[in-house]
Amino acid sequence: MLTRMFASVALLLIMFASPAAADPNAIGMAHSEAFAKACAAGDIPGVLALYEDDATVIWPGQGEVAHGKAEIEKLARALCKAGQPGPRLKSQNSKQVAPDYIANVGLWDLTATG
């Protein structure tokens, strides 16, 4: 078994009812949990629904950067396969960078054969 770790960086558009009351870490955690669930199920449309059309994801350590949903879909199809263990979130940190945006940085662990 080969264990690899990767980080995912995404800027998420969140529509806040009250920006001052919103907790960026709670929003980021909800996004990460939704990603983990969709990825483990091999639900590519569910993974893609978590990103804006012009989102960018970066998976350092794997040399993978994707701009836009078409490129994100290629990465997700390679990573998220039903019946295989999906990535596990090790840690995450979210910061509000604008009234409607947070930056969500997560460290994930993935075990795969190979």
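Let's start with helix H3, which covers residues 68–79.

Staying with H3, which of its residues are buried? They are Gly68, Ile72, Leu75, Ala76 and Leu79. These residues cover an arc of only 100° around the axis, which means they are on the same side of H3. On the face turned away from that buried side, we find the exposed residues Ala70, Lys74 and Ala78.

Next, the disulfide. A search of the whole structure turns up one. It links Cys39 and Cys80, with the sulfur atoms 2.1 Å apart. The angle about the S-S bond is -95°, and the link between Cys39 and Cys80 is left-handed. What does the pair tie together? Cys39 belongs to helix H1, residues 24–40, while Cys80 is in the loop between H3 and S4, so the link connects parts that are 41 residues apart in sequence. Are these two cysteines buried or exposed? Cys39 has a relative accessible area of 1%, under the 20% cut-off, so Cys39 counts as buried. Cys80 is buried as well, at 4%.

Now to the strands. Asn104 is found in strand S5, residues 101–112. With a relative accessible area of 4%, Asn104 is buried. Which side chains does Asn104 have polar contacts with? One is the side chain of Ser32, at 3.4 Å. Another is the side chain of Ser94, at 2.6 Å.

Asn104 is also a contact of Asn93, and Asn93 lies in strand S4, residues 88–98. Leaving out neighbours within four places in sequence, Asn93 touches Asn25, Ala103, Asn104 and Val105. Take Val105: along the chain it is twelve residues from Asn93, and their C-alpha atoms are 5.4 Å apart. Asn93 is partly exposed, because its relative accessible area of 37% falls between the 20% and 50% cut-offs.

Now the chain as a whole. How many helices and strands does the chain have? There are three helices and five strands. In sequence order the pattern is β-α-α-β-β-α-β-β. The chain has 114 residues, and 36% of them are buried. Taking the contacts with a separation of 6 or more, 62% are between residues 24 or more positions apart.

Last, confidence, as promised. The average pLDDT for the chain is 78, and 75% of the residues score at least 70. Where is confidence lowest, and where is it highest? The lowest is strand S1, residues 2–13, with a mean of 47, and the highest is helix H2, residues 44–48, at 95. Over residues 5–18, pLDDT stays under 50. The model still has 63 contacts beyond four places in sequence for residues 5–18. Where pLDDT is low, predicted coordinates should not be read in detail. Apply that caution when you look at those 63 contacts of residues 5–18.

Definitions and conventions
Residues numbered from 1 in each chain as written. Predicted model: local features only at pLDDT ≥ 70, side-chain atom pairs only at ≥ 80, totals over all residues. Heavy atoms only, no water. Helix = DSSP H or I, 4+ residues; strand = E, 2+ residues; numbered from the N terminus. Buried < 20%, exposed > 50% of the residue type's maximum accessible area, 1.4 Å probe, protein only. Contact = heavy atoms within 4.5 Å. Expected span 1.5 Å × (residues − 1). Arc of directions from axis to C-beta. Disulfide = S-S within 2.5 Å. pLDDT = per-residue confidence, 0-100. Polar contact = N/O pair within 3.5 Å; in protein donor to acceptor, adjacent residues only side chain to side chain.
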